[in-house]
Amino acid sequence: LEALGLESILEKLTIEGGRALRGKVTVSGAKNAAVAIIPAALLVDGVCTVENVPNIKDVNILTEIMTKLGAKIAWVTRNELRIDSRNIKSSSATFDIVKSLRASYYLLGALIGRFNSAQVAFPGGCDFGHRPIDQHIKGFKALGANVEDHMGVVTLKAECLQGSKIFLDVVSVGATINLMLASVMADGVTIIENPAKEPHIVDVANFLNAMGANVKGAGTDEIKITGVARLVGGTSYSIIPDQIEAGTFMIAAAASKGDVVVHNLIPKHMESLTAKLLEMNVLIESGDDWIRVTSGEELTPSNVKTMPYPGFPTDLQPLISVLLCLANGSSTLTEAVWDSRFQYVDELKKMGANIRVDGRTSYIQGVETLMGASLKSLDLRAGAALIIAAIAAKGSSSIYNVNYVDRGYEDIEGKLVNLGALISRQNISIDEYSANAI
Ligand code: EPZ
């Protein structure tokens with residue numbers, strides 16, 4: 001269980017709601033950049049030092065997988081990783097733990113990019129509908145790899161990868177990053193058209209360039225990768241702040257009617273959220289690397305639709321839903337990135353939320369207050385949404401399946417306690433788990 005990052009399965013969070021969050025909180029490094037940059041370090045025959053790494057379960061699962069491949073990985077400090085990829089023994093990652101991490105798919109790009117060969121068990125991770133990787137596969141094939149997909153294991157092989165022009169049919173974060181990893185040492189020029197533009201795409205490109213790659217245009221409509229014969233060597237790199245963690249604290253501040261300064265964020269990355277919060281009557285002030293969120297008189301309703309960056313992030317969709325539940329009037333929330341991401345709605349209904357889901361849209365009628373309840377998180381961001389709902393609610397809540405939250409948030413309850421939340425973690429028996437969490 002520990003290897004799978006699931007030891008917190010027999011734990012719950014207890015939250016006494018109704019306390020406004022106040023004070024300062026510091027955002028950690030970006031999870032979705034870290035889970036790409038760490039495997040990207042496999043591309044170099046050298047040693048990388050990566051700073052501002054979030055110390056979370058998903059990162060620990062990834063380092064365990066890479067250690068099994070022969071990388072030597074050590075935490076130098078709580079948030080700094082040293083990755084030595086000089087003695088990689090294998091390009092085959094088919095052991096069980098690989099399947100527990102969605103981001104394992106980055107091993108495909110990194111291993112084919114370095115060794116012209118990769119074998120990776122098909123990834124799992126948070127379940128919100130069908131999660132295909134056809135765009136990754138289409139890109140690997142365009143680069144000249146032979147692809148086999150057998151019994152949940154994807155095998156890539158190439159004599160030599162050739163640069164190519166790849167048009168992504170859907171905007172995909174994973175495919176964009178995977179094709180950057182695969183093509184840095186391909187022969188010739190690779191162009192990725194219709195790429196994702198999320199901040200972590202740019203972060204991964206910067207990391208690759210720091211190792212000697214030639215990647216241009218990350219964050220724009222076209223990424224051009226000119227293959228280099230080899231990467232010059234390991235590098236030192238610091239990961240950007242986590243846009244979604246920052247958004248989590250901003251929404252928590254507004255939902256609890258609090259006053260919070262969120263530090264170590266990039267305000268530009270938060271624009272789609274700050275625009276929505278302003279529209280909902282939340283007060284915002286910002287500086288170079290901080291945003292202060294203060295609740296206004298009353299939350300006004302709004303219509304939100306998730307979109308690839310710079311649109312409103314799908315990973316904040318369950319969280320903004322909580323705020324819309326507390327607004328005075330009717331709102332709509334449309335999920336346009338994933339087929340299905342409303343599994344948390346039944347939990348919010350237990351707290352008195354008035355939400356109806358129809359296809360990809362939820363219709364929300366605001367209520368005066370949410371009430372504490374026994375809740376189970378069904379995925380990472382759903383869990384974070386329930387924590388915010390419980391903090392804003394009247395009364396006490398228990399949140400089961402905290403393991404999902406631990407996968408992506410570093411010390412979330414420590415940070416919330418510092419802001420005045422009444423939140424604690426308890427061990428539970430298997431009977432309590434069976435009765436409440438499944
Ligand atoms: C990344 O997932 C993130 N995960 C997700 O965050 C995030 O929700 C998502 O990007 C969108 O922003 C990581 O970075 C590890 P996609 P990813 O490929 O890369 C379809 C979190 O909470 N698609 O951008 O897997 C797909 O079905 C996690 O931190 C294809 O059709 O997402 C989806 O509808 C959850 N074919 C859309 O594209 C493909 O080959 C976007 O997916 C790939 C994707």
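Visitor: How many aromatic pairs does a search of the whole structure find?

Guide: Some ground rules before the count. This is a predicted model, where local features need pLDDT of at least 70, side-chain atom pairs count only at pLDDT 80 or more, and totals for chains, interfaces and linings use all residues. Residues are numbered from 1 along each chain as its sequence is written, and side-chain values use heavy atoms, with hydrogens and water left out. Now, a pair of aromatic rings is described by the distance of the centres and the angle of the planes. Rings of Phe, Tyr and Trp (its six-membered ring) pair if their centres lie within 6.5 Å; planes under 30 degrees apart are stacked, over 60 edge-to-face, and the rest tilted. The search turns up three such pairs. One of them is phenylalanine 207 with tyrosine 237, edge-to-face at 5.6 Å between centres and 70 degrees between planes.

Visitor: Which parts of the chain does that pair link?

Guide: Distant ones: phenylalanine 207 sits in helix α7 (residues 199–210) and tyrosine 237 in strand β14 (residues 236–238), 30 residues apart. Helices (H or I, at least four residues) and strands (E, at least two) are DSSP runs, numbered from the N terminus.

Visitor: Are phenylalanine 207 and tyrosine 237 buried or exposed?

Guide: Both are buried, meaning under 20% relative accessible area, with exposed over 50% and partly exposed in between (1.4 Å probe, protein chains only).

Visitor: Why is the pair of phenylalanine 342 and tyrosine 344 called tilted?

Guide: Because the planes of phenylalanine 342 and tyrosine 344 are at 50 degrees, with the ring centres 6.3 Å apart. Phenylalanine 342 counts as buried at 11% relative accessibility, and tyrosine 344 does so at 2%.

Visitor: And the ligand: which residues come nearest?

Guide: A residue is near a molecule if one of its heavy atoms lies within 4 Å of it. There are 25 residues around the ligand, and Tyr105, Gln135, Ser172, Asp315 and Val337 come nearest.

Visitor: What lies 2.5 Å from an oxygen atom of the ligand?

Guide: A backbone N or O atom of valine 337. On the side-chain end, arginine 102 has a polar atom 3.5 Å from a ligand oxygen, and arginine 341 has a side-chain N or O atom 3.4 Å from one. As for cover, the protein takes up 91% of the 820 Å² of accessible area that the ligand has on its own (Shrake-Rupley method, 1.4 Å probe).

Methods: Polar contact = N/O pair within 3.5 Å; in protein donor to acceptor, adjacent residues only side chain to side chain.
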